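Hi,

Here is the structure I promised to pass on.

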Amino acid sequence: MKLFITLSALLAVAVAVEYHHVEHKHIPIVHSESYHGHDGSFKHGYESANGISVQEQGYVKNNGGKENANVVHGSYSYVDPHGVPVSVSYTADENGFQAKGSHIPTAPPLPKALVEAYAKAGSHPESHSDVHYSQPEPASYKHY
């Protein structure tokens with residue numbers, strides 16, 4: 001019985017491997033560049049024969065006595081499986097990672113009334129000085 005189960009499992013694996021086999025063809029790189037500076041700066045880029053393009057460059061930003069920040073600017077583009085060109089540009093620095101592309105969703109604009117309410121509240125901080133927050137007294141627990 002153990003032999004039958006083992007042979008069945010091996011046969012299932014062999015069929016699954018053959019069924020999911022995808023042939024990958026070699027895609028040549030038609031352009032490539034790379035530079036590394038002694039000051040921490042760099043520049044990389046490549047383009048492949050299928051239209052994928054990648055560029056990135058960066059440097060170390062001196063923040064005047066504060067901790068230095070790495071700054072990176074880059075972009076990449078490709079054609080998606082539906083034939084639609086996709087392009088993304090990005091920046092990564094002390095403010096985080098920000099990507100831009102037509103396919104990247106963006107938040108809807110804030111309603112005008114909300115923007116006006118924030119502006120009004122921010123222009124009168126003294127009106128909030130009389131607000132005091134307190135926590136309720138903790139409930140007593142019965143010990144059994």
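**What I found**

The chain exposes about 12900 Å², and carbon and sulfur atoms supply 60% of that (areas are from the Shrake-Rupley method with a 1.4 Å probe, and for residues only the protein chains shown count as cover). Buried residues make up 10% of the 144 residues in the chain; buried means under 20% relative accessible area, exposed over 50%, and partly exposed in between, with a 1.4 Å probe and protein chains only.

Before you dig in, a few ground rules. This is a predicted model, so to speak of local features I need pLDDT of at least 70, side-chain atom pairs count only at pLDDT 80 or more, and totals for chains, interfaces and linings use all residues. Residues are numbered from 1 along each chain as its sequence is written, and side-chain values use heavy atoms, with hydrogens and water left out.

On confidence, pLDDT (the predictor's confidence in each residue, from 0 to 100) averages 80 over the chain, and 70% of the residues score at least 70. Confidence is lowest in helix α1 (residues 2–19), with a mean of 59, and highest in strand β2 (residues 42–48), at 95. Where pLDDT is low, the predicted coordinates should not be read in detail.

Now the fold. There are 2 helices and 6 strands, in the order α-β-β-β-β-β-β-α from the N terminus. Helices (H or I, at least four residues) and strands (E, at least two) are DSSP runs, numbered from the N terminus. The 6 strands form an open sheet, ordered β1-β2-β3-β4-β5-β6, with antiparallel pairing; two strands pair if DSSP finds at least two bridges between them. At the edges sit β1 (29–36) and β6, each pairing on one side only. From one strand to the next, the twist averages 10 degrees (axes are lines fitted to C-alpha atoms, for helices over the stretch in contact, and angles run from 0 to 180 degrees between N-to-C directions).

Some of the pairings, one by one:

- β2 and β3 are antiparallel and joined by 6 bridges, with H44 opposite E56 in β3.
- β4 (residues 69–79) and β5 (residues 85–93) are antiparallel and share 8 bridges. V79 stands opposite P85 in β5. Their hairpin has 5 residues between the strands, and G83 takes a positive phi near 85 degrees there.
- β5 and β6 (residues 96–100) pair antiparallel over 5 bridges, with T91 opposite Q98 in β6. The hairpin between β5 and β6 runs through 2 residues.

K61 lies in strand β3 (residues 53–61) and E94 in the loop between β5 and β6, so the pair ties together parts that are 33 residues apart in sequence. Both ends are partly exposed: K61 has a relative accessible area of 30%, and E94 has 41%.

Leaving aside neighbours within four places in sequence, S89 is in contact (heavy atoms within 4.5 Å) with G74, S75, Q98, A99 and K100.

Cheers
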